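Here is a short briefing to read alongside the structure. Have the viewer open and follow along, topic by topic.

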Amino acid sequence: LAGKTFKPEPSVIEVNGVKIGGKELVIMAGPCAVENHDQIMAAALAVKKSGAQFLRGGAFKPRTSPYAFQGLEEEGLKLLKEAKDATGLNIITEVTSEKAVEIADKYVDMFQVGARNVQNFQLLREIGRSKKPVLFKRGPATTVDEWLNAAEYIMSEGNYNVVLCERGIRTFETSTRNTLDISAVPVVKNLSHLPIIVDPSHAAGKSQYVLPLSKAAIAAGADGLIIEVHPNPKSALSDAAQQLTPEDFDYLCKDIAKIAEII
Ligand code: PEP
Ligand code: MN
């Protein structure tokens with residue numbers, strides 16, 4: 001179902017009038033995690049002003065350590081909904097379990113499946129039954145073929161609203177958090193009709209690399225970006241090193257618009 005043999009023409013996934021996979025770049029931005037009311041409101045207003053169409057923010061955080069901040073769960077979803085009502089932004093959040101899908105369904109416009117759950121087939125089937133658009137991240141150690149097969153688990157349950165997201169894979173290189181597999185963009189475009197966006201933030205792990213990777217992603221043909229932006233990155237409860245300030249994000253939006261024009 002994800003393959004071009006099934007559907008040769010590119011799919012456009014529409015979320016409340018925003019087209020993903022169409023001519024316009026789609027920008028999703030916001031903090032790694034929802035932390036409190038003021039933080040998410042400030043982030044929402046800033047990313048809206050710079051031209052993002054989606055606000056991202058984790059409420060269920062799949063952290064490497066069980067002792068790290070795990071997210072505000074439903075309280076965080078309520079804050080995201082408040083930010084949506086104030087700005088009109090679409091909301092995207094990660095769901096980490098079938099229970100989280102059930103809770104988040106009421107509050108958000110798009111689900112995100114994180115890299116760690118790329119082959120959590122029970123979760124994928126549950127999302128497939130929900131019909132809500134889903135951003136489906138590649139795992140740090142999944143091949144493109146495994147990733148597209150995993151997408152079949154969502155689509156075979158009836159949910160065709162799948163957007164793929166390359167977020168870096170694990171290699172021997174340690175100067176970045178992951179290695180952005182830029183070739184995944186043209187490879188996916190060759191094999192699949194599904195839109196693909198890039199997450200330069202989790203690929204880089206360091207804020208100074210987010211801009212060049214974003215430009216590379218757009219030049220390679222990505223349909224959009226998902227970028228971590230925090231009103232005060234230094235104080236962030238997760239992924240502090242990679243989140244952009246609202247000022248840097250604004251600069252990035254202007255810069256990538258120039259690339260989008262010439263390709
Ligand atoms: C995230 O988007 O905050 C996240 C945890 O990303 P990934 O699943 O790509 O690590
Ligand atoms: Mn993060």
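Helices α1 and α2 cross in a right-handed sense. In this predicted model, the axes of α1 (residues 37-50) and α2 (residues 74-87) come within 9 Å of each other, at a crossing angle of roughly 35°.

**The α1/α2 contact**
- On the α1 side, the contact is made by His37, Ile40, Met41, Ala44, Leu45 and Lys48.
- Facing them from α2 are Leu79, Leu80, Ala83, Ala86 and Thr87.
- By class, the residues of this contact are 8 nonpolar, 2 polar and 1 charged.

**The chain as a whole**
- The chain holds 9 helices and 10 strands.
- Along the principal axes, the C-alpha trace spans about 45 × 40 × 40 Å.
- Buried residues account for 50% of the 263 in the chain.
- Of the contacts between residues at least 6 apart in sequence, 68% join residues at least 24 apart.

**Around ligand 1**
- If you zoom in on ligand 1, you will find Cys32, Gly58, Glu94, Gly114, Ala115, Arg116, Lys137, Arg167, Asp199 and His202 around it.
- This shell divides into 5 charged, 3 polar and 2 nonpolar residues.

**Ala104 in helix α3**
- Ala104 belongs to helix α3, which covers residues 98-104.
- Ala104 counts as buried because it has 27 C-beta neighbours inside 10 Å, where 20 or more are needed.
- Leaving aside residues up to four places away in sequence, Ala104 touches Leu77, Thr93, Val95 and Phe111.
- Phe121 is 17 residues from Ala104 in sequence, and their C-alpha atoms are 19 Å apart in space.

- Asn16 is not a glycine, yet its phi is positive, at about 45°.
- You can find Asn16 in the loop between β1 (13-15) and β2 (18-20).
- Asn16 has 14 C-beta neighbours inside 10 Å, so it counts as partly exposed.
- Asp239, also not a glycine, has a positive phi of about 50°.
- The loop that holds Asp239 runs between β10 (224-228) and α9 (246-262).
- Asp239 is buried, because 21 other C-beta atoms lie within 10 Å.

How values were computed:
Residues are numbered from 1 along each chain as its sequence is written. Chains are lettered from A and ligands numbered from 1 in the order in which they are written. This is a predicted model: local features need pLDDT of at least 70, side-chain atom pairs count only at pLDDT 80 or more; totals for chains, interfaces and linings use all residues. Helices (H or I, at least four residues) and strands (E, at least two) are DSSP runs, numbered from the N terminus. A residue is buried if 20 or more other C-beta atoms lie within 10 Å of its own, exposed if 12 or fewer, and partly exposed in between; C-beta atoms are placed from the backbone. Two residues are in contact if their C-beta atoms, placed from the backbone, lie within 7 Å. A residue is near a molecule or strand if its C-beta atom, placed from the backbone, lies within 6 Å of it. Ala, Val, Leu, Ile, Met, Phe, Trp, Tyr, Cys and Pro count as nonpolar, Asp, Glu, Lys and Arg as charged, and the others, Gly among them, as polar. Axes are lines fitted to C-alpha atoms, for helices over the stretch in contact, and angles run from 0 to 180 degrees between N-to-C directions. A crossing is left-handed if the near helix is turned anticlockwise from the far one by less than a right angle, and right-handed if clockwise.
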